[in-house]
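Trainee: I'd like to go through the charged residues with you. Could we start with the terms?

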Amino acid sequence: MPDLLRMRGIDKRFGGVHALRSVDFTVYSGEVHALLGENGAGKSTLIKILSGVYAPDAGAIHVDAREVHLSAPRDAQELGIATIYQEGSLYPDLSVLENLFMGSQPRTRFGTLDWTEMRRRAREVFERLDVHIPLKARGGALSRAQTKLVEIARALLRDARIIVMDEPTAALPSDDVERLFGIVRELRAAGVAVVYISHRLEEIFRIADRVTVLRDGARIGTSEVSEVDHDALIQMMVGRNLGALYAHEPHPPGRVLLEVRDLRRAGVFDDVSFDVREGEIVAMAGLVGSGRSEVARAIYGIDDYDDGTVRLAGTPLPTTPWRVVKAGVGLLPEDRTLQGLVLPFPIRHNVTLPILDRVSRGGTLVDARERTIADRFVETLRIRTPSSDLSTDTLSGGNQQKVVLAKWLAAEPKLLILDEPTQGVDVGAKTEIHALIDGLAGEGIGVLLISSDLEEVLGMADRILVMHRGRVAKQLDRGATAEAVMRAATGVRAPATTGSEESAHVR
């Protein structure tokens with residue numbers, strides 16, 4: 001099979017950080033090539049070099065056996081290289097049609113935009129992908145799945161021969177994942193090369209032909225997917241025996257910490273009641289749109305609720321976020337980049353945001369106090385950075401997640417609400433975050449864990465609250481099966497002969 005892309009000896013440094021160490025990476029026409037590695041392994045840097053965002057310090061890039069120099073993203077686009085980033089890259093206030101052709105609009109012989117031609121070509125590519133999205137719709141009004149489809153269509157309109165997909169299924173429901181897989185297979189059949197980046201190893205075995213693993217900026221190896229298994233990939237990624245992925249050791253919980261009674265918000269959730277005890281991990285499971293995150297936002301005071309009560313240690317919880325923080329509640333939000341961090345800030349500023357009174361004197365920040373606290377959590381949480389002075393947006397996704405956790409640990413909370421705490425992080429970082437959560441519960445902190453990862457729910461929770469259409473459909477004890485959770489999440493009644501299914505041992 002001919003090489004479409006060949007990257008050889010790619011090296012890149014950012015100050016004292018050696019991000020890539022003489023990396024080789026080859027992609028064939030008509031293959032899905034998975035690129036794996038822990039957060040911070042160098043995947044994003046390699047892809048940004050391929051996309052023309054960064055220039056390598058050393059090495060060479062060949063496309064169709066011809067050496068190329070990518071000094072800007074437009075250079076990559078002209079060579080047929082398109083990158084679909086995890087965060088999305090559509091302009092929210094422009095229409096779908098305008099987003100499809102931004103930067104490559106066809107023109108009439110009079111020099112004006114050829115809207116007729118744009119609509120014709122857009123309809124053709126949408127028909128090819130079986131996409132049914134109005135061309136007049138705003139980019140910001142699309143779902144995550146629709147955004148991905150528009151970005152794929154845009155790549156095809158630009159005659160992309162290499163499409164990089166960075167965590168394309170993050171936060172997508174299962175139906176949309178299957179649809180995306182179908183499109184990836186069609187692209188492969190048409191001779192397009194797909195570089196597929198995902199932390200979900202099960203996806204790699206379903207969709208990829210070959211896999212390359214990076215670790216600490218170096219290529220560990222490239223294999224046919226059919227020749228490796230799950231454990232082998234994990235070993236290559238982390239360079240050590242991983243041990244138990246779910247580190248939780250249940251123990252008798254303490255007093256009731258969080259009391260939620262008859263919470264209701266019209267059209268969103270209704271009659272939601274539950275408790276969280278000291279030292280207990282209570283997971284909230286359910287399908288996308290079931291109301292899990294909305295309940296958490298209401299508890300935290302971000303959104304109003306119409307009726308019901310929320311108490312912390314017997315005292316009514318305030319209904320404004322800053323008062324909730326003062327009461328001893330921390331929230332790790334689902335979207336860490338937009339809601340959990342101030343990315344341009346140094347790491348130390350983010351860590352101390354909830355405790356500015358403790359690192360200030362007379363209204364002035366005391367750098368030494370802040371740095372001492374931040375450095376302690378950088379070390380404790382093993383945040384990969386040479387200094388807490390670095391901008392937070394230089395960190396990988398898993399390390400950014402740890403900064404959000406550090407922020408709340410510095411505030412010494414009584415209760416932590418964790419909304420998708422391991423979404424988009426690699427298996428090594430996931431293990432470390434699970435161990436941190438277990439340690440917090442062991443110290444008596446109550447944890448409300450919201451997760452779409454069913455294995456995470458089953459492995460980490462002492463109790464499981466299953467949401468369905470805005471209500472708590474079922475409460476299950478530790479040991480419940482995946483089938484029992486999914487029945488409740490989808491509104492399917494359990495068969496009469498379930499026996500001890502809901503208390504089966506979770507391995």
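Mentor: Let us begin with exposure: a residue is buried under 20% relative accessible area, exposed over 50% and partly exposed in between, using a 1.4 Å probe and protein chains only. This is a predicted model, where local features need pLDDT of at least 70, side-chain atom pairs count only at pLDDT 80 or more, and totals for chains, interfaces and linings use all residues. Residues are numbered from 1 along each chain as its sequence is written, and side-chain values use heavy atoms, leaving out hydrogens and water.

Trainee: Okay, is D216 buried or partly exposed?

Mentor: D216 is partly exposed, because its relative accessible area is 47%.

Trainee: And which residue does D216 form a salt bridge with?

Mentor: Its partner is R384, with the closest N and O atoms 3.9 Å apart; a salt bridge needs a side-chain nitrogen of Lys or Arg within 4 Å of a carboxyl oxygen of Asp or Glu. The two residues are 168 apart in the chain, D216 being in the loop between strand 9 and strand 10 and R384 in the loop between helix 13 and helix 14. R384 is also partly exposed, at 41%.

Trainee: How many salt bridges are there in the whole structure?

Mentor: The search finds 26. One of them joins R206 and E178, whose closest N and O atoms are 2.8 Å apart. R206 lies in helix 7 and E178 in helix 6, so this pair ties together parts 28 residues apart in sequence.

Trainee: New topic: where is K430?

Mentor: K430 is in helix 15, and it counts as buried because its relative accessibility is 15%.

Notes:
Helices (H or I, at least four residues) and strands (E, at least two) are DSSP runs, numbered from the N terminus.
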